[in-house]
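Please consider the structure shown below, together with its sequence. The account that follows treats selected side chains and their surroundings.

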Amino acid sequence: MMAAIPLSLLLAGTATSQSTVSNNQVQAGDIFASQTLDVVTNSSDTTAVTTATGNGLTGQVVTGSLDVQSTQSTSGQVGATTTINIANDAGPSLTSTTAATGNTGDAGIDGGGALTGSFVQSATGGPVYGENQINAANAETTDAAQATQAMANSQGFGATGSSVNATVHQTSAVDTTADGGAILGYVGDQGSFSAAAVANNVTSVGVSGSTQTLDVTQSNTGALVRGAQFTNLGNSQDTNTSATATANNFNASNEGGAFTVGVNQNNDAYVRAQGEETSYQFGGATVSAYGVGNSTFAGASGPSITLNNTQVNGTGGVESVASFTGDNGYDAFVSSTAMGNAATGYACSTCGGVMTVHNSQTNNGDAAATVSTTITTSARSVRGTATAVGNNASFYVTSPNTP
C-alpha cells in the first residue's frame, strides 16, 4: 500500500563490487491526492487507488554490496482522500485503496553481498492522513475491499542469502490518522474493510541464510495516532472490519544466520483504534480493533537471536473500541486489544537456536479496551474478547511454524 517516488537501483557486477547511494530528500510543501467516483450502475469492477507520498527511496542490488546513506524529511501535510458514490450496482467487485505516507524507503539485496547504511526519517508540521469513504446505501456488490492507511515514516529491508547491517532513526511530530467509512446495501460474498495508522514503521525480512544487524530508534511526539473504520451494511455474507493504531512499530524476521536487533521506542501520543460494523442480516461478521503505543516483533529461524528492547509509552494513553450490531444472522466475533507496550521474540528450537533478550518496558498512561455486541433478534454464535495490558512481553524458543 505504500507509494513512492522511486530512486531505483538495479546494479550488476562482481561479488566484490561496492555500490553507494547518498540520498537527501526534503519536502517542505503540502502533498495532496484525491479522487471522487460517481457511479450509477457498473457491470464491471469498480476500483479506486489514491496515494500521496512526501519522499520515497528504493535501492536494490542483485550482486555485489550496497551502502546507503539516506536522510528524508517532510514539514508539510500529506493527505490522500477517496470518495466513491454508487447509486445502484458496483459490479462484481468493489475495491478502494487509499494511502498517505510522509517518508518511505525500501532497500534490498540478493546474491551474497552486504547491505549497509544509515537511514534517517523525520516528519514535522503535518498531519499525515488517509480518508476513504464509500457511499452506496442502495447498491450491491459480490466482493468489497476497502483499505485505508496513514504512515508518517516507514523503512523496509529485504535480504536473500545476504547480510544487512543498518541503523534507522525515525522521528514523528505529526498527527497520523487513517479514517475509513463504508455504507453498502448488499455484499454477496466477501467484504474486507480496514484502516491502519502508524507513526513510525520499520520492517525487515531475511531468508535463505541471511544475517541481520539492526539498530532502530523511533520517537513519536505527535498528539494523535488514530485508525478508525466504520462499516454499515444492509445484508452481508462474510465480512471483516478492522482498525489498527500503532505509534511505533518494528517487525523483523530472519532465516538461517545470526540475528541481532536493538530497538528503542518512545511514544507521547494518544493512540486510538476504533472498528465498528452494523449489518441487518449477516452470515459471518468479524470486527477487531488493536491499539498499541510501542510494538516490537523479532523472530529468528537460525542459530541465534539477540534482542535489546527498550519501550517507553507516555501519559497520552491507548484506547481500543470494537462493536457490532446486527438483527439476525449466524456468527459474530468482536475483539478489542489495547496495550501500552508489546514485545515478542522467538528462536527456532529445531535450528539449535539460542535467544538472548534484554527487555525494558515503561507505560505511563492508561490502556482501555471496549467491546460492544448487539443482536436484536437471533444469531447462531456470538463471541467477544476485550484485552487491556500495560506492558506485554513474550519470548520463547519453539519449532518452526508454531511461534
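The paragraphs below turn to a serine, then to aromatic rings, and finally to a charged side chain.

The model is a predicted one. Within it, serine 336 belongs to strand β16, which covers residues 318–348. Serine 336 has a relative accessible area of 0% and therefore counts as buried, the limit being under 20%. A polar atom of its side chain lies 3.3 Å from the backbone oxygen of threonine 370. Apart from neighbours within four places in sequence, the contacts of serine 336 include Ala289, Ser320, Val321, Thr370 and Thr387.

Aromatic rings form a further topic. A pair of aromatic rings is described by the distance of the centres and the angle of the planes. The structure holds four aromatic pairs. In one of them, the ring centres of phenylalanine 119 and phenylalanine 157 are 5.1 Å apart and the planes stand at 75°, so this pair is edge-to-face. The two residues are 38 residues apart and link distant parts of the chain, phenylalanine 119 being in strand β8 (residues 114–123) and phenylalanine 157 in strand β10 (residues 143–160). Both phenylalanine 119 and phenylalanine 157 are buried.

Tyrosine 346 and tyrosine 396 form a stacked pair, with 6.3 Å from centre to centre and 10° between the planes. This pair also links distant parts of the chain, 50 residues apart: tyrosine 346 is in strand β16, and tyrosine 396 is in strand β19 (residues 381–398). Tyrosine 346 is buried, at a relative accessible area of 16%, whereas tyrosine 396 is partly exposed, at 27%. Ring pairs join Phe297, Tyr346 and Tyr396 into a cluster.

Lastly, the charged end of arginine 383 sits over the ring of phenylalanine 333, at 4.6 Å from the ring centre.

Conventions:
Residues numbered from 1 in each chain as written. Predicted model: local features only at pLDDT ≥ 70, side-chain atom pairs only at ≥ 80, totals over all residues. Heavy atoms only, no water. Helix = DSSP H or I, 4+ residues; strand = E, 2+ residues; numbered from the N terminus. Buried < 20%, exposed > 50% of the residue type's maximum accessible area, 1.4 Å probe, protein only. Polar contact = N/O pair within 3.5 Å; in protein donor to acceptor, adjacent residues only side chain to side chain. Contact = heavy atoms within 4.5 Å. Phe/Tyr/Trp six-rings, centres within 6.5 Å; stacked < 30°, edge-to-face > 60°. Lys NZ or Arg CZ within 6 Å of the ring centre and 35° of its normal.
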